[in-house]
Amino acid sequence: MSRIRGLRCRECGAEYPTAPLHVCEMCFGPLEVVYDYEEIAQVLSRERIASGPPNHWRYQDLLPLDGEPTDGHDTGYTPLLPARNLAAALGVREVWIKNDSVCAPTLSFKDRVVSVALSKAKEFGFDTVACASTGNLANAVAAHAARAGLRAFIFIPADLELGKVVGTSIYRPHLVGIEGTYDEVNRLCSEIAGVYPWAFVNINIRPFYSEGSKTFGFEILEQLGWRAPDHIVVPCAGGSLITKVRKAIQEFHKLGLIDRADTKVHAAQAAGCGPIVTAIREGEEFVRPVRPNTIAKSLAIGNPADGIYAVAAARESGGFGAHATDEEIVAAIELLASTEGIFTETAGGVTLAATKRLIEEGRIGRDDSVVISITGNGLKTLEVVQNVVKPAYVIPPRLEAFQELMKTIE
Ligand SMILES: *Cc1c(COP(=O)(O)O)cnc(C)c1O
Ligand SMILES: [Zn+2]
């Protein structure tokens, strides 16, 4: 008996075997992994998870591998911090930061999805992995492939931040910069995937890859003491993470691991690339593609693959969505750093700024509990704040010079 039944089309329900497939042959709908929850319920318990390894494989029963994981033994199980200073600044009773800016090994939540994707790619027998990326996925695929001894081809928009580019090339993958937007990179990769027999983590391996995002949600629920918060605010690019955070809540509830599953899941996007949030706020079912223009490059996907499912996840949960302007993103990065000592990248700035708006609009109540998803590290996007922060005092190496300086400070 296997925990995994195979793949199923989200649109028409057609079933497929467990294979490197991602679209339905009948209707072109996306495929999703199907589990046997009765089988899983027989073994899974809070105690079993709690006694598991201190990484995201503690949720292996709900991840799509046939064998044992071969990658990501240091990935996940990141801190969930009570954010009291930030709560005071926002005027909300209970605020938590889920801090994947310290996820190992590449400091974003993409380490989770990539470790599942590469373990699965090895099970399928691939020797080369590839991806289209807005930056963090490139970092993660390059690092994990280096460890796994897999060849890696990584495709990015050529104008990404230095930290994202160098933070990829250091692992010695084949890095290809494309003169175009992420959406153009992704379209090219779909064509390349049709010609080269590689494991494209976010194309033909996507059903398995995206399941890795659930662990971000599982950890929040376990770390809150097997409790679902009132709200979780999630940054959206392709829209997979928010969809899987909602799925994580539903799976834990279905398996009796948490009592309530009524968390409102909210979407956060940049004003310069916010098609999912626009659809949520305007009550539309479909997501109208946009051409990205924002400093939040990690979220700059104008035509999100899971857009309609992200809209549905927010809406069905009772959640909403909010945009953040570039100025608001920078201000939120500074607010998080100066209240909680956490330096996040632009995506985290988007999420905090959107949270602020949702509070102001009354979508998040002052007496509620809210988890803010911080998914990436600020050291990778230094250029957006380097001219905003106060420069260092520069003085000669003499006590009198320092005392002179102190006169201007006191
Ligand atoms: C990729 C990414 C996201 C969003 O992921 P999707 O699943 O594509 O919506 C959020 N935050 C960061 C830092 C990312 O790199
Ligand atoms: Zn179908």
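Ile258 counts as buried, because its relative accessibility is 3% and the cut-off for buried is under 20%. Keep in mind that you're looking at a predicted model.

**Around Ile258**
- You'll find Ile258 in the loop that links helix H10 (240–254) to strand S11.
- Which residues touch Ile258, once neighbours within four places in sequence are set aside? They are Arg46, Leu221, Trp226, Arg227, Ala228, Ile249, Phe252 and His253.
- Take Arg46 from that list: Arg46 and Ile258 sit 212 residues apart in sequence, yet their C-alpha atoms are 9.2 Å apart in space.

**The sheet**
- Six strands make up an open sheet, in the order S4-S5-S13-S10-S11-S12, and their pairing is mixed.
- Strand S4 (80–82) and strand S12 (321–324) are the edge strands; each has a single partner strand, so one side of each has no neighbour in the sheet.
- On average, neighbouring strands in this sheet are turned by 25° against each other, ignoring direction.
- Strands in a sheet pair up through backbone hydrogen bonds, either parallel or antiparallel.
- S11 (residues 264–270) pairs with S12 in the parallel sense, over four bridges.
- Ala267 stands opposite Gly321, which is in S12.

**Helices across the strands**
- Helix H9 (residues 214–223) lies across S4, S5 (94–99), S10 (231–235) and S13 (369–374), and runs at about 135° to S5.
- Helix H14 (residues 346–360) lies across S10, S11, S12 and S13, running at about 120° to S12.

Conventions:
Residues are numbered from 1 along each chain as its sequence is written. Chains are lettered from A and ligands numbered from 1 in the order in which they are written. This is a predicted model: local features need pLDDT of at least 70, side-chain atom pairs count only at pLDDT 80 or more; totals for chains, interfaces and linings use all residues. Side-chain values use heavy atoms; hydrogens and water are left out. Two strands pair if DSSP finds at least two bridges between them. Helices (H or I, at least four residues) and strands (E, at least two) are DSSP runs, numbered from the N terminus. Axes are lines fitted to C-alpha atoms, for helices over the stretch in contact, and angles run from 0 to 180 degrees between N-to-C directions. Contact means heavy atoms within 4.5 Å. Buried means under 20% relative accessible area, exposed over 50%, partly exposed in between (1.4 Å probe, protein chains only).
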